[in-house]
Amino acid sequence: KQDMIWKLKRVVKHPSKTPMAAVAGAHFRATVSLELLSGAVFEGQIEPPGGVPSQVVYQFDHAPTCGPLPPEVVKQRRAMGLSCGTDVGCIGAHCTIWDLGVSEEVVLSVAPSDAAGKRHLVLQSLARPDLGVTILQLSVDGSALEGGDENWKLGHTPLVRAKRAVPRASGLEPPLTTTPTRGATERKPVPAKPREPSGLAGGRRRHRDSATHRRPPVDQSHLNSPTRTPSPAESRGWRSHAAPTAPVDGGIGRSGVDLSKVQEHARARARARAHQDVFDRPDAAIEKDGKPNPSKDEVQEEERDLIERLVAAAATGNTPDVHLLLARSGPDVVASGGRYAGRTPLMFASGNGRVEIVELLINRHARLETADEMGWTALMHAVQGQRLDAVTLLLSKKGEPSVASADGQTALMLAAGGARTEIFSALLKAGAHREAYDSRGRRATHYAAQSGHGGALASLLDARAVLDAGDGLGATPLHVAAYSGRANSITILLANRADPSAQDSEGRTPVEIASMYDHGRALAVFAEAARE
């Protein structure tokens, strides 16, 4: 190794104009960057905007990893537009965020130093890509790290700040002899100087003077497999709803709103565990400090309030609140009281045309077939609210257009009574059953004739719907149009050869019904049709 470094130094000192010499010089600079990190421990904190600062520790391996870059590292760097050449090196590390319970093996890819002598690092987990990516910058002397998420740029306010806690030449431990491998490596605990870490939240001491006060060793051998499967507890606590193969917001060392959400979610999980202890053990009703734990009624009240806030946020289109509240609740919760009672967030978002929230809830696996007390689905609420964008989105996500409510109404019947024929046409195109009937025996043609919207009625007739089908009282669509005085509907029906002499269960014709209610325009249409 020393011989290789000596040769590379000669290449850098006497560079030629060949590409090979340039590559060798860049490789040497990357090697120097890795040497600065080997065996180092950096302590600092993450400062999320609007969140609580959390202590973070990066403990680097004693030797860089050998061989080509892992495919995951290459894919991530290419996605970020970074170099993946032979001048890029890798080193393993262990990332710990005490307040959040994160303890994960990570890999840092290091590019050669820039013109100012600073090194840029990309931190990611091979076993848990869903934890995201962190961009770090190593100072010229290798004493400090700072950075943020993948959007962080030089000159921006650092969201992550850490300083070297253990000098590289401290002589506190013998060298670790191990064969470098691509991935996580076994390591011995790196002792640190007994001191109070500066600038850390809460002033927590990690190292004690006496061996009797040291943290007991924790077996982390299960973390050393780069292909391990996270436990169910890890998945519940940290895995997001994004694809498991793509980096997402809220990862290791990340900051911003996402870390605040993760912190809140961790606190909620801790409260839930404490509440379960209270239910299972009466002696757990009092905490160690003497303060009472919340009762079962208080927990249920908190859950009801959470559900009502989520439904209200979906109804009003408050997307940030929906994101935060979904981290603590499922998408199919039903409000139990107030003006939102009996409905899910998807129903309110669909009925109010909140398309962004509708898509968010569907991506969180909200069930489209869930119905309220009347039997209305989210699609039916969107149709009733005449929300074309929401209807189109729900249908594209395989929303069922022929579901019937408690009284037999379908989305097509509701659309027939609305003013937007585009919604009616979209339902017909999606395969809505045009001859379905409700509890009164009325079909979509009855609803269209009663509303007087000629577009829906014309679409039904083009689809060869039955014109003279009677309802439970024997009334045809022409009877219903005459009863409502819809001259436009009467004109369309008669033009398509609807029978004006049909009788209902009481023996009345459509003309007689229009005469009973003195609908002059309807009678004029009947008279003109009789003359023709």
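An unreviewed UniProt entry places the feature "repeat: ANK" at residues 341-373, 407-439 and 473-505. What you're looking at is a predicted model, so here is how two of those spans come out in it. For residues 473-505 the end C-alpha atoms are 5 Å apart, with 52% helix and 0% strand.

The largest nonpolar core has 71 residues, and V322, L346, V383, L394, L427, I490 and L493 make the most contacts inside it. Helix α6 (residues 296-316) supplies the largest share of this core, with 8 residues. Domain 2 (297-400) and domain 3 (433-531) each put in at least three residues.

Take L394 as a close-up. Setting aside neighbours within four places in sequence, L394 touches S350, V358, I362, L368, A378, L379, A382 and G399. There's also a second, separate core of 24 residues, and V56, F60, L138 and L145 are among its members.

## A serine tucked into a loop

S405 sits in the loop between α11 (388-396) and α12 (411-416). Despite being a loop residue, S405 counts as buried, because its relative accessible area is 8% and the cut-off is under 20%. Beyond neighbours within four places in sequence, the contacts of S405 are M374, G375, W376 and M380.

Strand β6 (residues 133-138) is mostly covered, with 6 of its 6 residues buried. V133, I135 and Q137 point one way, while T134, L136 and L138 point the other, and all are buried.

On one pairing, β5 (residues 119-124) runs antiparallel to β6, joined by 6 bridges; here L121 has L136 as its bridge partner. β6 and β7 make a hairpin with 5 residues between them, and G142 in the turn has a positive phi of about 75°.

## Cysteines

How many disulfides does the structure hold? The count is 0. For C90, the nearest cysteine sulfur belongs to C84 and is 9.9 Å away; a disulfide would need the sulfurs within 2.5 Å, so C90 is in none.

C90 is buried, at 1% relative accessible area. C95 is buried too, with a relative accessibility of 0%.

Note on methods
Residues numbered from 1 in each chain as written. Predicted model: local features only at pLDDT ≥ 70, side-chain atom pairs only at ≥ 80, totals over all residues. Heavy atoms only, no water. Buried < 20%, exposed > 50% of the residue type's maximum accessible area, 1.4 Å probe, protein only. Core = buried A, V, L, I, M, F, W, Y, C linked by side-chain atoms within 4.5 Å. Helix = DSSP H or I, 4+ residues; strand = E, 2+ residues; numbered from the N terminus. Domains from an automatic or database assignment. Contact = heavy atoms within 4.5 Å. UniProt positions renumbered as here; feature names shortened; annotations may be inferred. Pairing = 2+ DSSP bridges.
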